[in-house]
Amino acid sequence: MSTVCAQRYQDKVMIITGGSMGIGKACVQLFVRNGSKVVFCDIEVAGGKELETEVNGAGPGKAVFIQCDVRKEDEIKNVIERTVEDFERIDCLANIAGRHPPHMPIDNFSSDDFRELLNMNLISYFCFAKYALPYLRQTKGNIINCASLVAQIGQSAAVTYAASKGGIVSMTKALAIDEAKHGVRVNSISPGNIWTESWALGVQDVADPKGAIEAGKDCQLMGKFGTTEEAAQAFLYLAAEASFCTGIDLVLSGGAELNYGNKNQCKEKASPYA
Ligand SMILES: NC(=O)c1ccc[n+]([C@@H]2O[C@H](COP(=O)([O-])OP(=O)(O)OC[C@H]3O[C@@H](n4cnc5c(N)ncnc54)[C@H](O)[C@@H]3O)[C@@H](O)[C@H]2O)c1
């Protein structure tokens with residue numbers, strides 16, 4: 001007996017940034033499975049085109065890939081314009097493209113490094129929201145911004161990244177206030193440790209890659225990484241069902257921020273990143 005799954009976001013028009021890999025890719029797959037018309041963009045073209053073919057073959061929704069460097073405002077405008085040309089509306093914007101620079105102390109970051117990261121992680125979200133909002137107001141749609149748990153709890157040797165993610169949470173709340181009168185909901189999601197190819201690459205060159213992965217798992221009460229599918233489910237919930245949520249930050253962390261742990265930074269201890 002075949003099972004027909006309910007489509008939770010059928011025929012809704014969705015923009016996803018950073019859709020070629022990781023959490024963004026899982027969102028493209030899940031929203032298309034749920035009947036959405038997804039326009040996704042990324043700087044990474046080969047993976048984007050491959051994913052476009054894959055999800056269009058599976059349906060029941062559809063996807064269009066557009067190459068876009070989210071640091072470039074004219075390319076952001078192009079994504080919005082092409083979405084409206086193709087699908088005549090926008091119901092949801094998921095800002096997901098983001099970058100974590102290598103871990104280092106503030107002494108090693110220049111102010112230009114910080115400006116570039118803000119452009120990538122924060123200003124791009126602002127621009128996508130700014131240009132999508134005229135259409136989102138027409139559909140009483142919603143925005144979902146991907147922040148990070150480190151916006152709340154900080155992270156060692158990641159001062160610029162944590163600041164960029166804190167900016168996203170604050171911008172989300174301020175925008176939720178302004179857009180409520182237009183019926184637009186604005187929320188953020190703060191993932192903790194979600195297992196992605198980038199996570200795997202990030203630990204490849206550290207002193208003890210296996211130890212770093214185990215340490216990553218041990219950060220969660222649940223003793224494991226979250227999956228990209230679990231992250232995508234949170235995006236779908238906020239888009240499709242969370243009709244009374246606006247201005248929230250949905251923490252998706254496996255409980256990583258709870259309980260006391262060994263947080264002493266003042267005594268020498270072995271780090272898998274040493
Ligand atoms: N994975 C985690 O554990 C985790 C935890 C907290 C927050 N996040 C956040 O989740 C989001 C997705 O992270 P991920 O782990 O899936 O990352 P990822 O590196 O797997 O995917 C990021 C995507 O963004 C794209 N991208 C990078 N630079 C771009 C640019 N200039 N223009 C357009 N696209 C660009 C990449 O090509 C890639 O497809 C990010 O905002 C990240 O900060 C991830």
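Predicted model: local features only at pLDDT ≥ 70, side-chain atom pairs only at ≥ 80, totals over all residues.
Biologist: OK, ligand first. How many residues surround the ligand, and which are the closest?
Modeller: The ligand has 29 residues around it, and the closest are Ile 23, Asp 42, Ile 96, Tyr 161 and Ser 198. A residue counts as near if one of its heavy atoms lies within 4 Å of the molecule.

Biologist: Which side chain has an N or O atom 3.0 Å from a nitrogen atom of the ligand?
Modeller: That's Asp 69. The side chain of Tyr 161 has an N or O atom 2.7 Å from a ligand oxygen, and for Ile 194 a backbone N or O atom is 2.9 Å from an oxygen of the ligand.

Biologist: And how much of the ligand's accessible area does the protein cover?
Modeller: On its own the ligand has 820 Å² of accessible area, and the protein covers 89% of that. Areas come from the Shrake-Rupley method with a 1.4 Å probe; for residues, only the protein chains shown count as cover.

Biologist: Which elements give two or more residues to that shell?
Modeller: Helix 1 (22-33), helix 4 (111-139), helix 6 (159-179) and helix 7 (197-204). Helices (H or I, at least four residues) and strands (E, at least two) are DSSP runs, numbered from the N terminus.

Biologist: Switching to the inside. What does the largest nonpolar core look like?
Modeller: It has 38 residues, and Ile 16, Phe 31, Val 38 and Phe 235 have the most contacts inside it. A core here is a set of buried Ala, Val, Leu, Ile, Met, Phe, Trp, Tyr and Cys residues joined through side-chain atoms within 4.5 Å. Buried means under 20% relative accessible area, exposed over 50%, and partly exposed in between, with a 1.4 Å probe and protein chains only.

Biologist: What is Phe 235 in contact with?
Modeller: Setting aside neighbours within four places in sequence, Phe 235 contacts Ile 23, Cys 27, Phe 31, Ala 94, Ile 96, Ile 144, Cys 146 and Ile 189. Contact means heavy atoms within 4.5 Å. There's also a second, separate core of 29 residues, with Val 13, Ile 15, Val 84 and Tyr 131 among them.

Biologist: Last one: where does His 100 lie?
Modeller: In the loop between strand 4 (92-95) and helix 4. His 100 counts as partly exposed because its relative accessibility is 32%.

Biologist: What does His 100 touch?
Modeller: Not counting residues up to four places away in sequence, Gln 155, Ala 158 and Tyr 161. The side chains of His 100 and Gln 155 make a polar contact of 2.8 Å. A polar contact is a pair of N or O atoms within 3.5 Å; within protein, one must be able to donate a hydrogen and the other to accept it, and residues adjacent in sequence count only if both atoms are side-chain atoms.

How values were computed. Residues numbered from 1 in each chain as written. Heavy atoms only, no water.
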